[in-house]
Amino acid sequence: LMPVILALWEAEVVHGPFFPRILRRRKGKREFGKTITHIVAKVMTTEMIKDLSSDTLLQQHDDLDLALDNCYSGDTVIIFPGEYQAANLALLTDDIIIKGVGKREEIMITSEPSRDSFVVSKADNVKLMHLSLIQQGTVDGIVVVESGHMTLENCILKCEGTGVCVLTGAALTITDSEITGAQGAGVELYPGSIAILERNEIHHCNNLRTSDSSKSTLGGVNMKVLPAPKLKMTNNHIYSNKGYGVSILQPTEQFFIVTEEALNKRAASGDKKDDKMLFKVMQNLNLEMNNNKIEANVKGDIRIVTS
C-alpha cells in the first residue's frame, strides 16, 4: 500500500470529475515572514523595477515555472512581455499574485499540449492580472477553481477545450476580461459555487460539434443547480455563442433555492409558458444580473435546461 500512496503523491495531479486535481501541499509563508517579488524576464533592468519600493525583495527568473516553484504565500510574480509555459500553473496552492506588465496581449502564457490541465487553483486567494492564457491541447478547463477563491482581472482567455470551471464550494471573480473559443460554456458553475462576473466579454463559445442536445445548449455561462451556485453579473457582453447566452441546468422542474434577486425583464426567451417558468426560477435562484448585454446567441439569450 505504501508504494502506491507515494506514487500518487509524487504525481501531484489526479484527473476526473470527482477527484481533486491538485494534491500538492500548501507552503504557506516563509519562515522569516518576508515576501518576495519575482521578476520574470530574460534580463532585468532598473527600468523594470523603478515603480517598486526601495525595500522590495526581488528575485529574477527567465522561466515562469521556476518563479512559481519559488513562491510562498504573499509573493507576487511580475511577468514582462513574451511567450511562456508553466506546468506549475496547474498546481496553485498558495496565495500569490501573478500579473503582467504591458499590454495583456503581449504577455502570452500557453498550455503544454502534453498535459491535461492548464491553470488549476486550490489557494485561498490567488489573482491573475493583465495577461493572456492560450489553451493548446489540454482537456481540462482553461481555468479550474477547485477550492478557495480566484480572481481574473483584465485577462484574455483563448480556449481550445473547456472554458472556466468553478467547482463545488469554490469562488471566482472575473472583471474586464475576455473569454472566447470554449468547446462548451465559457464559464461553467458547479452546484454550490460562487461567481462574480463584471464588465467581461464572453463570445464564440460552444464550438463543440455534438448531437447531444444538453451540450448544444451551452454557450456563454452555464449554471448547474441543486444546490444553486451564486452568480452576480454586471455589465457583461455575452454574444455570438452557439448555445444560449446563459443556461441553467437542473435535474427536474422541482427544486428549492433561497431567493435573492430577479432577472432583468428582457433576459427571458421562448413561448409564454417558458417565460413564466423562467421568471419563477429566476426569482428563486441566487442570481443577480444588472446591465448585461446578451445578444446574437444561436439558441437564445437565457434558458432553463432540464436534464
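What follows is a short exchange on the sheets, one arginine and some ring contacts.

Guide: This is a predicted model, in which local features need pLDDT of at least 70 and side-chain atom pairs count only at pLDDT 80 or more, while totals for chains, interfaces and linings use all residues. Residues are numbered from 1 along each chain as its sequence is written, and side-chain values use heavy atoms, with hydrogens and water left out.

Visitor: What is the strand order in the open sheet of ten strands?

Guide: The order is 2-1-3-5-8-11-14-17-20-23, with parallel pairing. Strands here are DSSP runs of E, at least two residues, and helices are runs of H or I, at least four residues, numbered from the N terminus. Two strands pair if DSSP finds at least two bridges between them.

Visitor: Which are its edge strands?

Guide: Strand 2 (58-61) and strand 23 (287-290), each pairing on one side only. The twist averages 10° from one strand to the next, using axes fitted as lines to C-alpha atoms and angles that run from 0 to 180 degrees between N-to-C directions.

Visitor: How many bridges join strand 20 to strand 23?

Guide: Four, and the two strands run parallel. Lys232 has Glu288 in strand 23 as its bridge partner.

Visitor: Switching topic. Where is Arg30?

Guide: Arg30 lies in the loop between helix 1 (2-11) and strand 1 (37-40).

Visitor: Why does Arg30 count as buried?

Guide: Because its relative accessible area is 10%.

Visitor: What does its side chain reach?

Guide: The Arg30 side chain reaches the backbone oxygen of Asn70 at 3.2 Å. Arg30 also touches several residues beyond four places away in sequence, including Tyr72 and Asp75; contact means heavy atoms within 4.5 Å.

Visitor: Which charged end sits over the ring of Tyr72?

Guide: That of Lys27, 4.6 Å from the ring centre. The criterion is NZ of Lys or CZ of Arg within 6 Å of the ring centre and within 35 degrees of the ring normal. Lys224 sits likewise over the ring of Tyr190, at 4.3 Å from its centre.

Definitions and conventions:
Buried means under 20% relative accessible area, exposed over 50%, partly exposed in between (1.4 Å probe, protein chains only). A polar contact is a pair of N or O atoms within 3.5 Å; within protein, one must be able to donate a hydrogen and the other to accept it, and residues adjacent in sequence count only if both atoms are side-chain atoms.
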